[in-house]
Amino acid sequence: MSIDWAALGQVFGVTLAVTVGIVGLFTVGIVGTSRRPGQEGETATATAPGAGARAGAMAAFALCAAAVAYGIYLIVAA
């Protein structure tokens, strides 16, 4: 039995890159939906994210869901 180390390295590299990318997108989504702290001097109030931040967050979540769905498709189709 022989191991194709080059192919194993490629699989590892692609897996690492895609994992970091999906986690990064999910983080962008969470940050986009989080409340912002109020200005200094104000009482403890937080402001809701703007429409652009919320739209960007939803797009990031949609890309994460698409990546997961594509991965499931690849597993099931085989």
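Modeller: The protein chain has two helices and two strands. Both are DSSP runs, numbered from the N terminus: helices are H or I with at least four residues, strands are E with at least two. From the N terminus on, the order is α-β-β-α. This is a predicted model, in which local features need pLDDT of at least 70, side-chain atom pairs count only at pLDDT 80 or more, and totals for chains, interfaces and linings use all residues. Residues are numbered from 1 along each chain as its sequence is written, and side-chain values use heavy atoms, with hydrogens and water left out.

Confidence comes next. pLDDT is the predictor's confidence in each residue, from 0 to 100. The protein chain averages 89, and 88% of the residues score at least 70. Helix 1 has the highest confidence, at 95. Strand 1 (residues 36–37) has the lowest, at a mean of 74.

Now helix 2. This helix covers residues 51–77, 27 residues in total. The expected span is 1.5 Å times one less than the number of residues.

Which residues of helix 2 are buried? They are Ala 57, Ala 60 and Cys 64. Buried means under 20% relative accessible area, exposed over 50%, and partly exposed in between (1.4 Å probe, protein chains only). In the protein chain, buried residues make up 8% of the 78 residues. Those of helix 2 pack against helix 1 (5–33).

Take Ala 60, in helix 2. It counts as buried because its relative accessibility is 3%. Contact means heavy atoms within 4.5 Å. Not counting residues up to four places away in sequence, Ala 60 touches Leu 25, Val 28 and Gly 29. Ala 60 and Gly 24 are 36 residues apart along the chain, yet their C-alpha atoms are separated by 9.2 Å.

At 0% relative accessibility, Gly 29 is buried. Leaving aside neighbours within four places in sequence, Gly 29 is in contact with Ala 57, Ala 60 and Phe 61. Gly 29 and Arg 54 are 25 residues apart in sequence, with 8.2 Å from C-alpha to C-alpha. For the protein chain, 50% of the contacts with a separation of 6 or more join residues 24 or more positions apart.

Last, the surface. Accessible areas come from the Shrake-Rupley method with a 1.4 Å probe; for residues, only the protein chains shown count as cover. The protein chain exposes about 6,100 Å² of accessible surface, and 72% of that belongs to carbon and sulfur atoms. Ile 3 lies in the segment before helix 1. At 46% relative accessibility, Ile 3 is partly exposed.
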